[in-house]
Amino acid sequence: MDTLEIKDHSLPRLREAFAQRGLPVWRADQLADWVYRQGVEDPERMTNLPVDLRARLGGELQLRALELASLETGADGTQKGVLRARDGALLEAVLIPEEDRTTLCVSTQVGCPLACSFCATGALGFTRNLRAAEIVDQVSLMRTALPPGRPLTNVVFMGMGEPLLNLPAVLEAVRLLIDPRAFGFAPRRVTVSTAGVVPKIPVLLRAAPVNLAVSLHATTDAVRDELVPLNRRFPLRVLLGALSALPEVSRRRPVFFEYTLLEGVNDSEADAARLVALLAEIPSKVNVIPMNPHPDAPYRAPAPDVIDRFMAVLSRARLTTTLRRSRGSDIAAACGQLALRAARGAMGYRAGAEDATRELQAADALRGR
């Protein structure tokens, strides 16, 4: 019988898989309690499982999809983990401790096909999608790096890759994150980000009651075409028009817009005024992020006084806004900096690029193009 990857399956699907293998379905719930709630992955410690089932774990039933290859800690306490899949693919996940929360930023792809010009991951190209188990294992492994007594409180899908181009695996991972019998995160503590794959957004919001974040970064199509090439397929009027029409978006469930400030590109007071106008019909919160420099992008953050003027325009308009301070930049773990050169191989890139193209073509088909 084929190997069963435990973390590729939400609990309902895991029960079905157990039944197909002649195992009592309630044993799936017991296993989930050990793995997700208690963080135990050594079968010998799962004392309420029968000996024969424990023997199958690690063989026919696989518990671990990734291994932690390295862990760096920044001066501010941010931790970046490099994780290795069974095929040797490398990816990164970042733990961000704050006073009232600890957030894990997870990856959904090895590399990224969207080639946003300010993002280090985009400069790598694209190798492949991650499986649900490889997304979930980032949570399982990285939470072990937390000090005793400090829980993981939030998970954001903002690492390497475009989550909505790997939506089936992302949704299966989300189901495990918010299932009270698995990780048990409140849905409002889970955020999925997209650069604007418009047809997949309603699919996500209808399938899971999580937060939506949109990487906006510009207030005109001319600028966004350069920063986020996906804008040429789904320009601002299409993206924002779709968001304003979604019944799932409300004041209780606003859209989080990410706006990276780039010196001389999108940081003027006129840009800020346009941003206010663009979001007028969409319940929203804006996270403003001064550019985190890296060698693959020719941009840098604006001067502090320019940032202050930009923020003042948003404040006067009473747009709910947060200026996000850089975290983990000294270990290349800040927003936009995730990039593993070792993750890119020529053959893997070509094959992965074809898969990514098919996903975008499918998104176009959903839109009726």
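Reader: Where does helix H10 lie?
Author: Helix H10, residues 304-316, lies across strand S12 (255-261), S13 and S14. This is a predicted model.

Reader: And at what angle does H10 run to S14?
Author: At about 165 degrees.

Reader: What joins S13 to S14?
Author: Three bridges. S13 covers residues 284-290, and the two strands run parallel.

Reader: Which residue in S14 is the bridge partner of asparagine 287?
Author: Threonine 322.

Reader: OK, the sheet. What's the strand order?
Author: S3-S4-S5-S6-S9-S10-S11-S12-S13-S14. That makes 10 strands in an open sheet, with mixed pairing.

Reader: Which are the edge strands?
Author: Strand S3 (66-73) and strand S14 (321-323). Each pairs on one side only.

Reader: What does the twist average?
Author: 20 degrees from one strand to the next.

Reader: What do strands of a sheet pair through?
Author: Backbone hydrogen bonds, either parallel or antiparallel.

Reader: Switching to the whole chain. How many helices and strands?
Author: The protein chain has 11 helices and 14 strands.

Reader: What percentage of the residues is buried?
Author: 55% of the 369 residues in the protein chain.

Reader: What does the accessible surface come to?
Author: About 15,900 Å² for the protein chain. Carbon and sulfur atoms account for 51% of that surface.

Reader: Last one, contacts. Among those between residues at least 6 apart in sequence, what share joins residues at least 24 apart?
Author: 67% of those contacts in the protein chain.

Note on methods. Residues are numbered from 1 along each chain as its sequence is written. This is a predicted model: local features need pLDDT of at least 70, side-chain atom pairs count only at pLDDT 80 or more; totals for chains, interfaces and linings use all residues. Side-chain values use heavy atoms; hydrogens and water are left out. Two strands pair if DSSP finds at least two bridges between them. Helices (H or I, at least four residues) and strands (E, at least two) are DSSP runs, numbered from the N terminus. Axes are lines fitted to C-alpha atoms, for helices over the stretch in contact, and angles run from 0 to 180 degrees between N-to-C directions. Contact means heavy atoms within 4.5 Å. Buried means under 20% relative accessible area, exposed over 50%, partly exposed in between (1.4 Å probe, protein chains only). Accessible areas come from the Shrake-Rupley method with a 1.4 Å probe; for residues, only the protein chains shown count as cover.
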